[in-house]
Amino acid sequence: MAFLRAEHLCKEFVSDDGKISALSDISFEVEKGEIFGIIGLSGAGKSTLVRCINRLEEPTSGCVYIKDRNINELSDKQLRTERRRIGMIFQHFNLLMQRSVLDNVALPLEIAGVRKKEAREKARGYLDAVGIPDKASAFPSQLSGGQKQRVAIARVLASDPELLLCDEATSALDPQTTRQILSLLRDINKKYGITIIIITHAMTVVQEICDRVAVLEGGRLMEMNTVKELFAHPQTKAAKRLLLIQDNNEEEAVL
Amino acid sequence: MNIDPKVVEMLLEGIRDTLFMVLVSTAAGYALGLPLGVLLAVSGKDGIHPRPVLYRVFDIITNILRSVPFLILLILIIPLTRFIVGKSYGPEATIVPLTLAAAPFIGRMVESSLKEVDPGVIEAAQSMGATDGQIIVKVLLGEARISLLVGVTISMGTVLGYSAMAGVIGGGGLGDIAIRYGYYRYDTQIMIITVVILVALVQVLQFIGMRLAAHLDKRKK
């Protein structure tokens, strides 16, 4: 049985102009230990989709199963407990600016009820794991983008998750830092066996790290395949378009 | 210019009474205004726990209280002041209307400080399974602390101004002295001295507040 199953997810937003469909009938499965990519241009519904997995966004219909547990049937309290096993990192890192790096990493432990002193001790270990043990007493405003994302990853590791959701986690970083962060993600995927779902608009990210990928356009899942297959034989216009954009970007980079 | 030592003594007492009123009223104002501000920020449209009806009720109450001019409030609640303190004049009594005037003002300041907190950070805490209470304490109040501290400074300045107004009904403190001597006895010199002291007090409070805020802020260093 798949580790995660999304079944017929639909999400509609009600605005002044009527209903807007952000996601229509999305179904997919992710295996344990897999790195699964969801790619699409901005406005394709990627962020909404990934937020339906930990219910930061409630789907209008459809549901998500994690290890055969229906996430959408959980009570608020059960959901909070479940969320502790689902880490999430963000494009803009979302660190607490008034807390030191160490206290940022200790936050999920504090939330889980671990005492502050013990939380800090554990947090130190996770800063080692992401390669910035020397930054414990620094504050986020003193760090580079790459270092901030490392803190965010350490913070996720602190709650010992089974699943990690990455929402455009490298979009605010330069290409070199992006590669370093992706390689760190690959390491924690191997070392801790954490299943990873990556949301991105960049084919390079998918190519670098993902096992399989789903192409999202206009809130619909257009195509899903292994990365190798998708690059070799894109079936839909949506996939071809994304590949084309990447080629253009690379040409521009060369020029 | 020679000043009677009795006048100096009176002015010192005035400073002491004014500071007493301002500090106690601001503290009591926060005891009411901080929960009010948290409630407004949390239950508002973009809050972490929107409750439109609840928000509306407290929103209206806050607006009504804030729109009553302080001088009117001062007189209007004399019966309440008598009931709580036992008399309606002097610094202790003035704390009651000051607190009541400060609380809704402080509530709005707290609300606006908390609304400035980056929604992304709140979302991150939610993704960790934080309860609303944990988000309020660890994220909202923690991340907004500099803005909250600036709010305390502004509130103290406002309460100080109000406290001087209470001089009209014998509220005690520097305002009382200024009105008694300057207005009733045409002693301009003492009135000017009290005004200068009031201005200096505001400056000092403002200076301390801002220095403390700059010192505690971890965003830019």
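Predicted model: local features only at pLDDT ≥ 70, side-chain atom pairs only at ≥ 80, totals over all residues.
**Chain B as a whole**

Chain B contains 10 helices and 0 strands, and its order along the sequence reads α-α-α-α-α-α-α-α-α-α. Along the principal axes, the C-alpha atoms of chain B fill a box of roughly 70 × 45 × 25 Å. Of the 221 residues in chain B, 39% are buried. Among contacts in chain B with a separation of 6 or more, 70% are between residues 24 or more positions apart.

**The packing of H1 and H8 in chain B**

Two packed helices are described by the angle between their axes and the distance between the axes. In chain B, the axes of helix H1 (residues 5–43) and helix H8 (residues 145–165) come within 9 Å and cross at roughly 125°. H1(B) and H8(B) are therefore oblique to each other, and their crossing is right-handed. On the H1(B) side, the contact is formed by B:Thr18, B:Met21, B:Val22, B:Ser25, B:Thr26 and B:Gly29. These residues meet B:Ser155, B:Met156, B:Val159, B:Leu160 and B:Ser163 of H8(B). By class, the contact comprises 5 nonpolar, 6 polar and no charged residues. An α-helix has 3.6 residues a turn, so residues three or four places apart point the same way.

The buried residues of H8(B) are B:Ile146, B:Leu148, B:Gly151, B:Val152, B:Ser155, B:Met156, B:Thr158, B:Val159, B:Leu160, B:Tyr162, B:Ser163 and B:Ala164. They pack against H1 as well as helix H3 (70–76), helix H5 (91–115), helix H9 (173–184) and helix H10 (188–216) of chain B.

**The contact between the chains**

In the contact between the two chains, 20 residues of chain B meet 22 residues of chain A. Helix H6 (119–127) and helix H7 (132–143) of chain B each supply at least two residues of the side that touches chain A. The largest share of that side, 6 residues, comes from H6(B). The residues of chain B that touch chain A divide into 5 nonpolar, 7 polar and 8 charged.

B:Asp132 is placed in helix H7 of chain B. This residue is partly exposed, because 14 other C-beta atoms lie within 10 Å. Leaving aside residues up to four places away in sequence, B:Asp132 touches B:Val42, B:Ile48 and B:His49. By contrast, the C-alpha atoms of B:Asp132 and B:Gln189 are separated by 56 Å, these residues being 57 residues apart along the chain.

**Helix H5 of chain A**

Helix H5 of chain A spans residues 145–158. H5(A) is mostly covered, with 11 of its 14 residues buried. The buried residues are A:Lys148, A:Gln149, A:Arg150, A:Val151, A:Ala152, A:Ile153, A:Ala154, A:Arg155, A:Val156, A:Leu157 and A:Ala158. The elements of chain A that cover them include strand S6 (86–90), helix H3 (101–111), helix H4 (116–129), strand S7 (163–167) and helix H6 (175–192). Just after H5(A), A:Asp160 takes a positive phi of about 50°.

| Helix | Length | Reach | Expected at 1.5 Å a residue |
|---|---|---|---|
| H5(A) | 14 residues | 20 Å | 20 Å |
| H8(B) | 21 residues | 30 Å | 30 Å |

The reach of H5(A) is close to its expected value, and the reach of H8(B) is likewise close to its expected value.

Notes:
Residues numbered from 1 in each chain as written. Chains lettered and ligands numbered in written order. Helix = DSSP H or I, 4+ residues; strand = E, 2+ residues; numbered from the N terminus. Expected span 1.5 Å × (residues − 1). Buried ≥ 20, exposed ≤ 12 C-beta atoms within 10 Å, placed from the backbone. Contact = placed C-beta atoms within 7 Å. Nonpolar A, V, L, I, M, F, W, Y, C, P; charged D, E, K, R; others polar. Axes fitted to C-alpha atoms, helices over the stretch in contact; angles between N-to-C directions. Parallel < 35°, antiparallel > 145°, perpendicular 65-115°, else oblique. Left-handed = near helix turned anticlockwise from the far one by under 90°.
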